[in-house]
Each structure stands twice: as C-alpha cells, then as structure tokens.
Amino acid sequence: MAQANMEIDGQAPPARFDKGKSPTIAGGEFAKSAPWVEKYRPQSLADVAAHRDIVDTIDRLTNENKLPHLLLYGPPGTGKTSTILALARKLYGAQYHNMILELNASDDRGIEVVRQQIQDFAGARSLSFGAKSFVKLVLLDEADAMTKDAQFALRRVIEKHTKSTRFALICNHVNKIIPALQSRCTRFRFAPLDADHIRERLNYVIKTEGVDVDKGGLAALVRLSNGDMRKALNILQSTQMASHHVTEEAVYLCTGNPMPKDIEQITYWLLNEPFTASFRYISDIKTRKGLALVDIIREVTMFAFKICMPSDVRIKLVNDLADIEYRLSFGCNDKLQLGALISTFTSARLAIVAATK
Ligand SMILES: Nc1ncnc2c1ncn2[C@@H]1O[C@H](COP(=O)(O)OP(=O)(O)O)[C@@H](O)[C@H]1O
Ligand SMILES: [Mg+2]
C-alpha cells in the first residue's frame, strides 16, 4: 500500500498516463481525421487557455483534497467540459473514463436516471485502481437540460454522498439550475475568451498543423468566433479544407457570413439609393453571394452605430432593426423583411435630412 501511495503521489504517473494517451492522438489515422476541436482539447489544467484564476483555484482545491461540488456555467466553447475532463485526468490518470460517471445531453436524464444510475454509482464502494483520488466524480454535462424533478432528486443524492462523491455540473444558463442545487455547489462563470487568448491558441494550432493563414484570415477567425474557441477551431479547419490558403475572404465565404466590404456596400445603398434600386441591388447580392438576411441585419446594425446621425434617429433605427431581426427569427417572409429594412433606412434618411434643416 505504502509503495502504491508513493507511486501515486509522485509526479511520474501522470506523465506515464499521458504518454499512453498521446500516440493515439498525435499519430496514426485518428490524427489526420480528427476534428481539431478534439485533437486540441486541453489535456491538463495548465493547458486551458484563459480563466487562469478559476482553473488555478480548482487546481489548488484538488491538491489540498478539498474539492467542492462544482457548477461551471457560461457560453459554449469556453472550456467548461475540457476543464472538468482535465481535472478527472489529474485525479485518476488517463484511465479516468472508467472512474467517472459522465452524463451529457444525449443521455436520458430524467428522474429515473438520478434515482438509479447516479445513486448506484455514488453509493458503490470506490475501488481506485492506483488512481490518486478516492473520491468519485459525477460529471453532469449540459445540466440545464435536466428536468426539474431530476434536479430536485439530485439535491438529496448530492447531500447523501458528499463524503465519497463530487458532482460537477456544467451548463450554459445557470438560471435553469434550481437554487437548491446552485447553493450546494461552488459556482464558476466561464466568460467568452478574449481575442488575445483565441489568437494565441489559434496560432499554436496553425503552427502545429502547418496551415497557411494570412493576417486578415486570422483577424477574421478571431472576429467571427466571438469568444467561442470551438467555433474558431471549426472555422479554421473547414476553411483550410475548402481552400488551402486561409484568407479573410476564404473564412467569410466558408462560414457564409457577409464580408465587411459587402456590408459597407449594402449600407451605402441603404443610405443613398432609391427604394426600388436598393431592393434590386440587395436581392441580387444576396443570391449571388448566398447571404442570409439575418446576417445582413446583424452586421448592418453594427455599422449603424458607426454612422454619424442624431441620437433620436439612431435609437429608432436600431429599434426597428431589432424588430426585423425578431420577426425573421419566427420565419417571416424574407422579401417582405428586406422591404422593411429598406423602409426603415428610408425613414431614417428623411429624419437625418429634416434634422439638418
Ligand atoms: N479555454 C480553452 N483553452 C483551450 N482550448 C479551449 C478552451 N475552451 C475551449 N477550447 C477548445 O474548444 C473545444 C470545446 O471546448 P469545451 O471545453 O468542450 O467547451 P464548453 O465550454 O462548451 O464545454 C475544446 O476541445 C478545445 O479545443
Ligand atoms: Mg461542454
């Protein structure tokens, strides 16, 4: 036992476990076909980009054997699942899959699962085959999809098995978790990653994969990702597959997002051309470049912030644009909404002219 402990507590085993893992990832068929989001998933807590304070806190609590129940929340692609998996790897080594109970949105998670599967796992005696930790870990990914009944049942289970089991809940919307569960966990919010962290991580992947990316392409990737690292990597990989040279244009083309210069052009038409001509030009560019009206509205709104106009005109304009976007989300007719967009701008134009008189 003492010998086992010595080996367990030393620094060597994690490295050995990791070595066991890396060949499948770094080489072979998997490496070529794997989506980069999986291939470049942080393996250890130290690899997780950004959120240093949160990750360090979790790391320290683990080292001190004081790990609380965790509730990680925040938008997608910010490293929540990766952090917990890295924590599991730290606790149990590379064979962590056998040591944790992992349930995500694709598993049924009604009240029966809480009563049976989770209860059984938490209640079973832990046999840690040489793993560092003796507490078990239950990972409930996308916990906001759990029914209220299941969450109420879980409340009791958490309390009953606190001695032997830690629960890690992950969700996007923390308000969908009942307060009773929230208060039993230590909450950490994963904010969208800032541009520097996204750029740094992308640069690492670009260098490792040897992708040909120019400056504009990288800026476009960072801009379109909106703080979502998963999105950034997915766009990079699909653009690289579509066209070997990753430029700004290639990135926008691949995602179907309107190019900044197209938006500039559309805004110019909206502000200067008569109604029918605007309608014709915009319909034409939409079909030619396969743009969606929602994307155009979103970008044009951002552009409207930059145009100089009286604030009351701007307020009305932005409000009307938001209404159009709302209607589009209900599947209203694209042509009619395009008409509404042009009308909105026409009345804004009239108001601007009236204000200057
Ligand atoms: N903080 C981060 N540091 C490094 N990579 C990240 C980070 N966040 C997300 N990623 C990348 O995005 C992918 C998805 O991350 P994941 O942890 O599953 O996000 P979620 O917050 O949605 O659970 C990971 O495989 C990884 O490649
Ligand atoms: Mg996740």
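This is a predicted model: local features need pLDDT of at least 70, side-chain atom pairs count only at pLDDT 80 or more; totals for chains, interfaces and linings use all residues.
In which crossing, left-handed or right-handed, does H14 pass H15?

**View 1. Helix H14 and helix H15 pack against each other.** Helix H14, which covers residues 260-272, and helix H15, which covers residues 275-289, pack at an angle of about 160°, and their axes are 9 Å apart. That angle makes H14 roughly antiparallel to H15, because angles over 145 degrees count as roughly antiparallel. As for the question above, H14 passes H15 in a left-handed crossing. On the side of H14, the residues that take part are Asp262, Ile266, Trp269 and Leu270, and they meet Ser278, Tyr281, Ile282, Ile285 and Lys289 in H15. Sorted by class, this contact of H14 with H15 consists of six nonpolar, one polar and two charged residues.

**View 2. Helix H10 and helix H11 cross each other.** The axes of helix H10 (residues 195-209) and helix H11 (residues 215-225) come within 10 Å, and they cross at roughly 130°. H10 and H11 are therefore oblique to each other, and their crossing is right-handed. Ala195, Ile198, Arg199 and Leu202 of H10 make the contact together with Leu218, Leu221, Val222 and Ser225 of H11. By class, the contact of H10 with H11 holds six nonpolar residues, one polar residue and one charged residue.

**View 3. Helix H17 and helix H18 meet along their contact.** Here the axes of helix H17 (residues 311-329) and helix H18 (residues 334-356) come within 10 Å and cross at roughly 175°, so H17 and H18 are roughly antiparallel to each other. From H17, the residues Val313, Leu317, Asp320, Leu321, Ile324, Arg327 and Leu328 meet a set in H18 made up of Gln337, Ala340, Leu341, Thr344, Ala348, Ala351, Ile352 and Ala355. When these residues are sorted by class, the contact of H17 with H18 has 11 nonpolar, two polar and two charged residues.

**View 4. A shell of residues lies around ligand 1.** There are 22 residues around ligand 1, and of these Arg41, Ala49, Gly79, Thr81 and Ser82 come nearest. The elements that give two or more residues to this shell are helix H4 (36-39), helix H6 (80-92) and helix H12 (229-242). The shell draws at least three residues from each of domain 1 (2-189) and domain 2 (195-255). By class, the shell around ligand 1 is made up of 11 nonpolar, six polar and five charged residues.

Terms used:
Residues are numbered from 1 along each chain as its sequence is written. Chains are lettered from A and ligands numbered from 1 in the order in which they are written. Axes are lines fitted to C-alpha atoms, for helices over the stretch in contact, and angles run from 0 to 180 degrees between N-to-C directions. Helices (H or I, at least four residues) and strands (E, at least two) are DSSP runs, numbered from the N terminus. Angles under 35 degrees count as roughly parallel, over 145 as roughly antiparallel, 65 to 115 as roughly perpendicular and the rest as oblique. A crossing is left-handed if the near helix is turned anticlockwise from the far one by less than a right angle, and right-handed if clockwise. Two residues are in contact if their C-beta atoms, placed from the backbone, lie within 7 Å. Ala, Val, Leu, Ile, Met, Phe, Trp, Tyr, Cys and Pro count as nonpolar, Asp, Glu, Lys and Arg as charged, and the others, Gly among them, as polar. A residue is near a molecule or strand if its C-beta atom, placed from the backbone, lies within 6 Å of it. Domain bounds come from an automatic or database domain assignment.
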